[in-house]
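The sequence and structure are shown first.

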Amino acid sequence: MTRQTIVPAFRANDAQALIDWLRDTFGFAEHLIVPDGEGGIAHAQLEWRGSLVMLGSVRGHADFMDVTVGRASLSLTAESAEQVDDLYQRAQDAGAPIITPLEETDYGSHAFTTQDPEGNFWHFGTYDPLAPEE
């Protein structure tokens with residue numbers, strides 16, 4: 001099994017609300033949550049299908065990561081077309097903007113793209129760039 005060696009990281013204006021939204025809408029699991037002692041999140045790790053994303057609250061001072069608010073674009077590999085369909089419905093039920101409706105891509109993915117309340121883009125599809133070639 002390939003170990004994840006690239007972990008996306010970004011900041012949020014309301015990190016706890018985003019964590020809650022990702023958990024409730026797409027089933028992300030809280031792997032590690034570190035409060036910052038000021039009502040925000042110093043560091044969070046969220047897991048989805050064995051992979052992690054990291055996020056935290058905006059720091060409000062000269063921190064290079066603060067420029068990532070609303071600018072992340074993440075692509076996640078679903079286990080099946082049925083899971084993509086379920087996630088699509090969950091995004092719609094949550095009132096999330098659908099950026100790219102369900103489609104069959106020219107590279108063989110059943111996919112869609114949505115946007116979270118902070119403005120980040122989440123692409124869910126069946127295309128697995130790490131799958132062994134047949």
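This is a predicted model: local features need pLDDT of at least 70, side-chain atom pairs count only at pLDDT 80 or more; totals for chains, interfaces and linings use all residues.

The largest nonpolar core comprises 27 residues, and the members that touch the most others are L22, F26, F28, L55, W122 and F124. Two or more residues each come from β1 (9–12), α1 (15–26), β3 (41–48), β4 (51–57), β5 (73–77), α2 (81–93) and β8 (121–125). The greatest contribution to this core is that of α1, with six residues. Beyond its neighbours within four places in sequence, L22 is in contact with G27, F28, L46, L55 and W122. In soluble globular proteins, nonpolar side chains tend to be buried together.

Nine aromatic pairs are present in the structure. In one of them, the ring centres of W48 and F124 lie 5.5 Å apart with the planes at 70°, so the pair is edge-to-face. Because W48 belongs to strand β3 and F124 to strand β8, the pair ties together parts that are 76 residues apart in sequence. W48 and F124 are both buried. One aromatic cluster is formed by F10, W21, F26, F28, W48, Y88, F112, W122 and F124.

The largest pocket holds about 900 Å³ of space. Its lining consists of 28 residues, and S51, S75, T77, D128 and L130 lie nearest the pocket centre. The elements giving two or more residues to this lining are β4, β5 and β8, and β5 gives the most, with four residues. The lining is divided by class below.

| Class in the lining of the largest pocket | Number |
|---|---|
| Nonpolar | 15 residues |
| Polar | ten residues |

Methods. Residues are numbered from 1 along each chain as its sequence is written. Side-chain values use heavy atoms; hydrogens and water are left out. A nonpolar core is a set of buried Ala, Val, Leu, Ile, Met, Phe, Trp, Tyr and Cys residues joined through side-chain atoms within 4.5 Å. Buried means under 20% relative accessible area, exposed over 50%, partly exposed in between (1.4 Å probe, protein chains only). Contact means heavy atoms within 4.5 Å. On a 1 Å grid over the protein atoms alone, a cavity is a set of points where a 1.4 Å probe fits but cannot get out, and a pocket is an open set with protein on both sides within 12 Å along at least five of seven lines; lining residues have an atom within 4 Å of a point. Grid points are joined across faces, edges and corners, and a volume is the space filled by probe spheres set on the points. Ala, Val, Leu, Ile, Met, Phe, Trp, Tyr, Cys and Pro count as nonpolar, Asp, Glu, Lys and Arg as charged, and the others, Gly among them, as polar. Rings of Phe, Tyr and Trp (its six-membered ring) pair if their centres lie within 6.5 Å; planes under 30 degrees apart count as stacked, over 60 as edge-to-face and the rest as tilted.
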